[in-house]
Amino acid sequence: MASTINTSIVAMILLLLVLLTFIQGTYAAGECGKTPISSAAASLSPCLAAAKTARGKVPPACCTRVAALLKSSPRCLCAVFLSPLAKQAGINPATAITVPKRCNIRNRPVGKKCGGYVVP
């Protein structure tokens, strides 16, 4: 009898731990994790000119930040490029998606979809 009660208590504790893990994951489930997309977009401000026109030079500071974002949260970069904030800033998503290639970032997600665009 005591063994059954102990087993039930252990099962309930495990269930609670699984639920807590799921709930925490739900709150951090955005494309940029716990970072608001506006903060992620602001960190990419050196990329503004390069994301507006394909002929714009990509500054080293932009490449450094894009590489860091791709390493920590690759889907976040796509979310930033497709965000309403980017649209308001005049960013062309078709051009913006080329920034990692123009920076010669080797670990970019080549061939992955980003909205209606494919990462070159």
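A: Buried means under 20% relative accessible area, exposed over 50%, and partly exposed in between, with a 1.4 Å probe and protein chains only. This is a predicted model, where local features need pLDDT of at least 70 and side-chain atom pairs count only at pLDDT 80 or more, while totals for chains, interfaces and linings use all residues. Residues are numbered from 1 along each chain as its sequence is written, and side-chain values use heavy atoms, with hydrogens and water left out.

Q: Fine. Which residues of H4 are buried?
A: Cys62, Cys63, Val66, Leu69 and Leu70 are buried in H4. Seen down the axis of H4, the buried residues fall within an arc of 130 degrees, so they line one face of the helix. The arc is that of the directions from the helix axis to the C-beta atoms.

Q: And which residues are exposed on the other side of H4?
A: Pro60, Thr64, Lys71 and Ser72 are exposed there.

Q: What covers the buried residues of H4?
A: The cover includes H5 and helix H8 (99–102). Helices here are DSSP runs (H or I, at least four residues), strands are runs of E with at least two, and both are numbered from the N terminus.

Q: What span should helix H4 have?
A: Helix H4 (residues 60–72) has 13 residues and should span 18 Å at 1.5 Å a residue; its end C-alpha atoms are 18 Å apart, which agrees. The expected span is 1.5 Å times one less than the number of residues.

Q: Changing topic: how many residues are in the largest nonpolar core?
A: That core has 27 residues, and those with the most contacts inside it are Leu44, Val58, Val66, Leu77 and Val99. H2, helix H3 (48–52), H4 and H5 each supply at least two residues of this core. A nonpolar core is a set of buried Ala, Val, Leu, Ile, Met, Phe, Trp, Tyr and Cys residues joined through side-chain atoms within 4.5 Å.

Q: What is leucine 44 in contact with?
A: Leaving aside neighbours within four places in sequence, leucine 44 is in contact with Arg65, Val66, Leu69, Leu77 and Val80. Contact means heavy atoms within 4.5 Å.

Q: How many salt bridges does the count come to?
A: The count comes to 1 salt bridge, where a side-chain nitrogen of Lys or Arg must be within 4 Å of a carboxyl oxygen of Asp or Glu. The side chains of arginine 75 and glutamate 31 form this salt bridge, at 3.6 Å from N to O. Arginine 75 lies in helix H5 (residues 74–81) and glutamate 31 in the loop between helix H1 (2–27) and helix H2 (37–43), so the pair ties together parts that are 44 residues apart in sequence.

Q: Is arginine 75 buried or exposed?
A: Arginine 75 is exposed, at a relative accessible area of 59%, and glutamate 31 is partly exposed at 38%.

Q: Where does cysteine 32 lie?
A: Cysteine 32 lies in the loop between H1 and H2 and counts as buried at 10% relative accessibility. Beyond four places in sequence, cysteine 32 is in contact with Ile37, Ala40, Ser73 and Cys76.

Q: What does alanine 79 touch?
A: Not counting residues up to four places away in sequence, alanine 79 touches Glu31 and Ile37. Alanine 79 lies in helix H5 and is buried, with a relative accessible area of 17%.
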